[in-house]
Amino acid sequence: KRQPLFGYFVALFAAMFVCGMFGHNVLISVRSTARIAALAVTLLALLRLGRYFSLNDLVRLYFWVAVANGLVALVPFFASGGQMRSFGFAPALLDDLLALALPIGSSLFLWGRRKHALAYAGGCLIVFGALAATQSRAAIIMALLFSAVVFIVSWRRSVTLASSDPAPRDIRRRVLLTMLCGGSALIVLVAVFSGFFETLLWRFERLFSATPRDTILARFALWKYAWLSFLSNPITGIGPGNFRYVQQIFHQATLDPIYFYVRGYSAHNLTIHYLAETGILGTSALIALFVRQFSLARRGWRK
């Protein structure tokens, strides 16, 4: 049976191929498209394997893989006294992996059986610590935000859903204990081990600083050149993978003091990045894929 997302992936890669042929550097476009295609094939293969496992098994596996990667990232972070940004074995995406894992772990902790609750709580602590090790501000904020959503939804649903292990009162008790103990523990950790969080706090302080590096101004510079890339070819963009070399297309970027700090980066916004590299053609296919993904997720949620 064909996967429900298969056709959408085919449409996306067909669009990327066309955009690559009209891109600034065809070789870069081919390499970038092939890399993303390999990831997509891996994802579809995992989805096919999913028929042999329950969704609960896959979610738990994802969480513990994230915990294992988080442990690897914590070692150099602690060894450096909290001064080093650590991403372990996944320098490009550990922060995203962990940002998804924290709300998942929170749900497993709140709704898991009593004998497993402590293990999930420990896993969540490791994931949160590893998020601090990455010092990725957006990932930390989103992980905490969606974890808060999990706690709110769990509190509300525990009132209406019957459950024997854990009992509804146990779920609400876990929510309250996490809020009280988690908040208190965080204050103690920051106070006692302030040196480990000094660089992280400094990064948050610099977010709205007037200096360009590590601030919102750097993001604005990336978005500016992404927009220029889109306007240069609104239909097919500058080609997949070419945004990292945008200074070769817009030479004024080499004279931009803010862009100097973020040269070689992605646009740090998936939709804007696809607009720059694949124009309306590729971005439409990407949005169609996302809409289909969310419709499938919504259907599962309602069931």
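Q: How do you know which residues and atoms the values rest on?
A: This is a predicted model, in which local features need pLDDT of at least 70 and side-chain atom pairs count only at pLDDT 80 or more, while totals for chains, interfaces and linings use all residues. Residues are numbered from 1 along each chain as its sequence is written, and side-chain values use heavy atoms, with hydrogens and water left out.

Q: What makes up the secondary structure of the protein chain?
A: The chain has 10 helices and 0 strands; helices (H or I, at least four residues) and strands (E, at least two) are DSSP runs, numbered from the N terminus. The order from the N terminus is α-α-α-α-α-α-α-α-α-α.

Q: Why are helix 1 and helix 10 called roughly antiparallel?
A: Helix 1 (residues 6–21) and helix 10 (residues 270–302) pack at an angle of about 175°, with axes 9 Å apart. Angles run from 0 to 180 degrees between N-to-C directions, and axes are lines fitted to C-alpha atoms, for helices over the stretch in contact. Angles under 35 degrees count as roughly parallel, over 145 as roughly antiparallel, 65 to 115 as roughly perpendicular and the rest as oblique. The two helices are therefore roughly antiparallel.

Q: Which residues make the contact between helix 1 and helix 10?
A: Among them are Y8, F9 and L12 of helix 1 and Y274, T278 and L281 of helix 10, where contact means heavy atoms within 4.5 Å.

Q: What makes the pairing of R114 and D170 a polar contact?
A: A polar contact is a pair of N or O atoms within 3.5 Å; within protein, one must be able to donate a hydrogen and the other to accept it, and residues adjacent in sequence count only if both atoms are side-chain atoms. The side chains of R114 and D170 are joined by such a contact at 2.8 Å. R114 lies in helix 5 (residues 114–134). R114 and D170 are 56 residues apart along the chain, with their C-alpha atoms separated by 8.8 Å.
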